[in-house]
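Here are my notes on this one, as numbered points. Have the model open while you read.

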Amino acid sequence: MINLKTLTVSAVGLALMASSAMAEKVLRIQSVLPNTADEVVMLNAFGDDVAALTGGSLTVEVLPAGAIVGPRDIMDAVDAGLVEGGFAWTHYWGGKHVAANLFGAPVAGAGVGLDNIAFLSWFQFGGGKELYDRLWDEMGVNVKGFMLQPVGPEALGWFPEPITSMDDFRQMRFRAPPGMVGAAYADIGVPAVAMGGGDILPALEKGTIDAAEWCCPKPDSVFGFQKVLKHYYLQGLHQVTVNADMYVNKDFYNGLTELEQKALEVASTASLSKSLSYRIFENGKALKDLTENHGVILEDTPADYFTEYSAAATKALQAAADENEFFAEVWASQTEFAKIAVPFWAGAQTSNANLGRAFADTLK
């Protein structure tokens, strides 16, 4: 005889087990940064959105650099399924595929004037996302990528004393980003050294390097560069835009429900806008604090930097396009987009930038 009470209890138990299984779906993301880094603030906000959109069936746990593997091994760890997700800047993987540089840090605005907002326009409406989705197969890794945090323009960097020309710059052992951006510095004679963000301040304190760049006033101040160096240059070309993204193991991603996959897409799109907005205000507050309370002096970048670095960037871009078909395809897409969008955007922004600078001058 069938025991309805037993069946009912069993059905409830199975439902609870299914509910529990859903709640236990955790996307662990190992970052290349410590959890104190400014970028992790926005990464956690992304995780909050994912949890809210899925009703808690998918949650995000951010792990600091080194929690499971070293920063350079994050992509391989995600590819192998050792950790479900990773967080870095796309150009960190330029050694796996040179086209990663065009998504993470298109050197000198890809040589065609793409700033962070114009890049987003290309990415979302100019064919960039479709090419980005192809990057991982071109790279040969089992991941699904999500662009999260566009930043820029990045500051040229921190120096122990004013530089009046590139000849002064070339005397400095300079922390520069990896990949094409750093290679362009080396091409114009700057002794460029790549290292992780957490290693920069100790290297400055020990004298291993003389000058450095990382990002912008807020993240730079979090790392404490102002404790060692006081001359700060905001205007640079090396990373007019730089984009951080998340990599999810594709098997883990394919195991998510359609709703959970859509939540990652929607939350990542929201993160693009939130990151831009967050950074403008946070960098403004940090710059004010640095100059008013920490003795930091804002300097103007020497004019010959722009001509020399632009030439090196164009040379590097063309060389990569000549050697790699996919890189050439991505760069051609950015160039065709720029022919349409940049004349408008650069022209419209010029007067606003001049007005803003005039206002800033009244505050000195």
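1. Accessible areas here come from the Shrake-Rupley method with a 1.4 Å probe, and for residues only the protein chains shown count as cover. On that basis the protein's accessible surface is about 16300 Å², with 59% of it belonging to carbon and sulfur atoms.

2. Some ground rules: this is a predicted model, where local features need pLDDT of at least 70, side-chain atom pairs count only at pLDDT 80 or more, and totals for chains, interfaces and linings use all residues. Residues are numbered from 1 along each chain as its sequence is written, and side-chain values use heavy atoms, with hydrogens and water left out.

3. How does the radius of gyration sit against a compact globule of 364 residues? The globule would come out near 21 Å and the protein has 23 Å, which agrees; the radius is taken over C-alpha atoms, and the rule is 2.2 Å times the number of residues to the power 0.38. Along the principal axes, the C-alpha atoms fill a box of roughly 95 × 45 × 40 Å.

4. Buried (under 20% relative accessible area, 1.4 Å probe, protein chains only) describes 49% of the 364 residues.

5. I count 15 helices and eleven strands, as DSSP runs numbered from the N terminus (helices H or I, at least four residues; strands E, at least two). Take α2, residues 38–53: its 16 residues reach 24 Å from first C-alpha to last, close to the 22 Å expected at 1.5 Å a residue, that is, 1.5 Å times one less than the number of residues.

6. Buried residues in α2 include Val 40, Leu 43, Phe 46 and Val 50. After α2 comes Gly 55, with a positive phi near 65 degrees.

Definitions and conventions:
Buried < 20%, exposed > 50% of the residue type's maximum accessible area, 1.4 Å probe, protein only.
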